[in-house]
Amino acid sequence: MLSFSDLKIPVIQAPMAGGVCTPALVAAVANAGGVGSFGFAYSSPQKIAEDLMAARALMSNGSSAGNGGNGGNRGNGDNGGNVSPSRQARGGAINANFFVFKPVALPESDVQQAAMQALQNIPVSPDVFDTPPEIPSAPFYPDLHEQIAPVWQHKPDIITFHFGIPDASIVDHAHALGIAVGMTATCVTEAIAIEAAGADFIVAQGIEAGGHRGIFDVNADDDELSTIELTRQLVKQISVPVVAAGAIMDGTDIRAVLDAGATAAQMGTAFLCCEESGATPAHKDFLLNQTQRGSVMTRGFSGRPARGIRNTFIDHMQDKTVLPFPVQNSFTGGMRKWAAQTNNGEYQSLWAGTEYHRARAMPTEALMNALAAEMTHES
């Protein structure tokens, strides 16, 4: 299995769904010595297979690094956290990420109608909806076992999960194939459950992180811990490596989370403006030129808390009725597709962390080189 000490740079490019994580982006991060990640939340098995093969073909050595070592270096006695970007290493790796969906049912008809009214009343021209939006019908999300089938064939170095813990059979199968397993935690309680499930590492998602909040139960209280505080708490109570995520934009930030006990840093927003990123032009424009808006949490797009750049739709949906996740995600799909096609950032889900104003537009290789230099305070 992959060991984090195999990496040239202790960076995981965060998995981001919706086409952001192109094979070119994933491969470029891996070629630079980090972990390139796909966000396969809603992807079909065919698309997953195609993306994994495409990224592998773009990697400089034709394969990724995971051949030997312990997938997560279980045990914090030597967690590989304080690694040097200048040391000799085999190269990078590929991560395939999946959502752990929970059973969901449509709410009562009055709730459905209120959600319909909220969407129909968005302040845009009538041509947004060629046909009125319809309440989605089951199945509301893909079958995880069917999605993962291509993983067993194409064997990325890592497989990770968001929103919960997958079936034990999935973790066991991954380990049998030499694939390391990681899962997201937003608090100590979740992390303890993840470690007990046999994960090789834990992604500690701070409240600053962009995209969907990984909390297991959206109806429970959220500790809303910062990345640094969560990392410090987890490394004291967890024996597997911890990967810090949230508000990490440069090498100085990476060094800070490593000093707090993390083994590596997971960075998403920092890669959105890279040339190889599949983020829409409007998304990149807002990141670079709409820094005054800030990022906020919303359930308006998907029904689950997610952090994105504040825009007209987020403002409109404040205190409005939404359908449960991921039904709301399908419900707003037509609007988001229209917004992407018309390059209208006011109605796209522009996921971004609190520090998005520090995003840099450059090729992925250049960004990875900059991160490595900044970690060692080089210019």
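Predicted model: local features only at pLDDT ≥ 70, side-chain atom pairs only at ≥ 80, totals over all residues.

Biologist: What describes two packed helices?

Modeller: The angle between their axes and the distance between the axes. The crossing of α1 past α2 is right-handed.

Biologist: Which residues of α1 and α2 make the contact?

Modeller: From α1, Pro23, Ala24, Val26, Ala27 and Asn31; from α2, Asp51, Ala54, Ala55 and Leu58. Sorted by class, this contact has seven nonpolar residues, one polar and one charged.

Biologist: And how is a pair of aromatic rings described?

Modeller: By the distance of the centres and the angle of the planes. The structure holds 16 aromatic pairs. One of them, Phe38 with Phe40, is stacked, at 5.0 Å centre to centre and 15° between the planes. Phe38 is buried, at 1% relative accessible area, and Phe40 is buried at 1%.

Biologist: How is the pair of Phe40 and Phe98 arranged?

Modeller: That pair is tilted, with 5.8 Å between centres and 45° between the planes. Phe40 sits in the loop between β2 (35-39) and α2, and Phe98 in strand β3 (residues 93-99), so the pair ties together parts 58 residues apart in sequence. Phe98 is buried, with 0% relative accessibility.

Biologist: Which residues form one aromatic cluster?

Modeller: Tyr42, Phe99, Phe101, Tyr141, Phe163 and Phe325.

Conventions:
Residues numbered from 1 in each chain as written. Heavy atoms only, no water. Left-handed = near helix turned anticlockwise from the far one by under 90°. Helix = DSSP H or I, 4+ residues; strand = E, 2+ residues; numbered from the N terminus. Contact = heavy atoms within 4.5 Å. Nonpolar A, V, L, I, M, F, W, Y, C, P; charged D, E, K, R; others polar. Phe/Tyr/Trp six-rings, centres within 6.5 Å; stacked < 30°, edge-to-face > 60°. Buried < 20%, exposed > 50% of the residue type's maximum accessible area, 1.4 Å probe, protein only.
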